[in-house]
Amino acid sequence: MHRLTLHNGLRTVLDPRPSALVTEIAVHYHVGYRSEPAGRSGFAHLFEHLMFQGSENVGRSDHHRIVNASGGVANAATHPDYTEYFQAVPPRALERVLFLEADRMRGPRLTEESLRTQIEVIKEEIRLNVTNKPYGGFPWPLLPQVLYREFANAHDGYGHFADLERATVEEAEDFFAAHYAPGNAVLTLTGRFDPERVAALVDRHFGDLPARPGAARPRQAEPAPETDRHGTHHDPFAPLPAVAVGYRLPDPEAEQRAYLAHVLLARLLGHRLRRALVDGTGAAASVRTHCGFFGPFQAHFPDTFGVSVTHRQPHSVEQVLDAVDRELEELAGRGPDPGHLRQAGARANREILRAHDTLLTRVRNAGAYEVLHGRAELVDEFPGLLLTLDSPDISRAAELLAGQHRGVLTLVPGGLR
């Protein structure tokens, strides 16, 4: 990978793949829903939508039209600590996309009409994905509200309708000024391109953007829970009850090996719980485990190790929690079977490598790793790092979870009250 940094602070990561047929371009801004001010939940996601509503030289909604007409695709997503804008295009359209990204980095066209329109779009998105969908918002964004206390970590990143409806154009302008400075962004390219030509194009289109001071990172550190925390969610559309359990993960930067162990622990624990609760007693219909709400290395500390179980009516939450405790204690005390550990590592390695065969996934992850951890190279290093873990690493990870207080979210289905 090649790097360059402009005088205004914009960092660029170039990851050429000469045999590729397309070029992927991503811009990651170091701002996500954990940067939203109290009382403005959902604002980061709202602003993601506003960035497609035109800029100085681009008309409203023309970004998608121009990229699509060039034979490409474009999209964006908001995460806890970053917002990403990404596109895949034929190589001949590379400069066109750089122009589009530079134009909106210079300043989006923020109007009352666009703001009100996008607020309604997001409200409909929330209805579709959360409030009117079985298990919508389960476990994210409901579980953080149980496990955490600081607003940045605990609030609903989708946003509450009342908060969204109070948003103003002036607040959007302030949000852009505070968080969308070139020095708070990473431009990443992968696929087919000439690095020297791209370096010249980046300077041509982004070099005249003025440097601006960025806002300070929000307060995210908070003490670990001193007791288990419980919450209940009533879901009128869910056919079965469920429970989600959240634990604090180690810091992915300061405690990388311990963090990596939780990636494989999620796989091993999930397998054991499915064997015990789904295939064994039949108490559960499904089991899901995850390291990070949005995946490994996709957020700053703190992030969450989670277990979600959809269980059958006669079985209680206590039975599920007992099974989780039992499997964690077993892994902590005896460690995983060496063969199972090798298998879990090999499968994780293979899945990550296959995912990065899709260059759009590769550019998105490389940009995220760079903006969060300063290590776009994790996109290549991550699979191999998992293979260095041994049984004691997994035992320590299981012991860490078994010994800490957790958040427990109980989902009550249908009319059960």
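Reply: A residue is called buried when its relative accessible area is under 20%, and exposed when that area is over 50%. The model discussed here is a predicted one.

Me: Is R40 buried or exposed?
Reply: R40 is found in the loop between β3 (23–29) and α1. Its contacts, not counting residues up to four places away in sequence, are D163, R166, A167 and E171. Because the relative accessibility of R40 is 15% and the limit for burial is under 20%, R40 counts as buried.

Me: Which residues does Y180 touch?
Reply: Y180 is among the members of the largest nonpolar core that touch the most other members. Residues up to four places away in sequence are not counted for Y180. The residues touched by Y180 are then Y29, V31, F47, M51, T83, Y85, M105, F175 and R212.

Me: How many residues does the second, separate core have?
Reply: This core is separate, and its members include V186, V309, L331 and A348. The number of residues in the second core is 53.

Me: Which helix supplies the largest share of the lining of the largest pocket?
Reply: The largest pocket has a volume of about 830 Å³. Its lining consists of 32 residues, and V263, R267, P296, E351 and I352 lie nearest its centre. At least two lining residues come from each of α10 (256–280), β9 (284–291), α12 (338–357), α13 (359–373) and α14 (378–386). The largest share, nine residues, comes from α12.

Me: How many residues of the lining of the largest pocket are charged?
Reply: The lining divides by class into 14 nonpolar and twelve polar residues, with the charged ones as the remaining group. The number of charged residues is six.

Me: Which strand supplies the largest share of the lining of the second largest pocket?
Reply: The second largest pocket has a volume of about 340 Å³. It is lined by 19 residues, of which H45, E48, A77, T78 and E125 are the closest to its centre. The elements α1 (43–50), β4 (73–78) and α4 (112–131) each supply at least two lining residues. The largest share, four residues, comes from β4.

Me: What is the volume of the largest cavity?
Reply: A search of the whole structure finds three cavities of 30 Å³ or more. The largest cavity is lined by residues including Y33, R34, P80, Y148, F293 and D303. By class, its lining has eight nonpolar, two polar and two charged residues. The volume of this cavity is about 100 Å³.

Me: Which residues line the second largest cavity?
Reply: The second largest cavity has a volume of about 50 Å³. Its lining has four nonpolar, four polar and one charged residues. The lining residues are M51, F52, G54, S55, V58, G59, H63, L100 and R104.

Technical notes: Residues numbered from 1 in each chain as written. Predicted model: local features only at pLDDT ≥ 70, side-chain atom pairs only at ≥ 80, totals over all residues. Heavy atoms only, no water. 1 Å grid on protein atoms, 1.4 Å probe; cavity = no way out; pocket = protein on both sides within 12 Å on 5 of 7 lines; lining within 4 Å. Points joined across faces, edges and corners; volume = space filled by probe spheres on them. Nonpolar A, V, L, I, M, F, W, Y, C, P; charged D, E, K, R; others polar. Core = buried A, V, L, I, M, F, W, Y, C linked by side-chain atoms within 4.5 Å. Buried < 20%, exposed > 50% of the residue type's maximum accessible area, 1.4 Å probe, protein only. Contact = heavy atoms within 4.5 Å.
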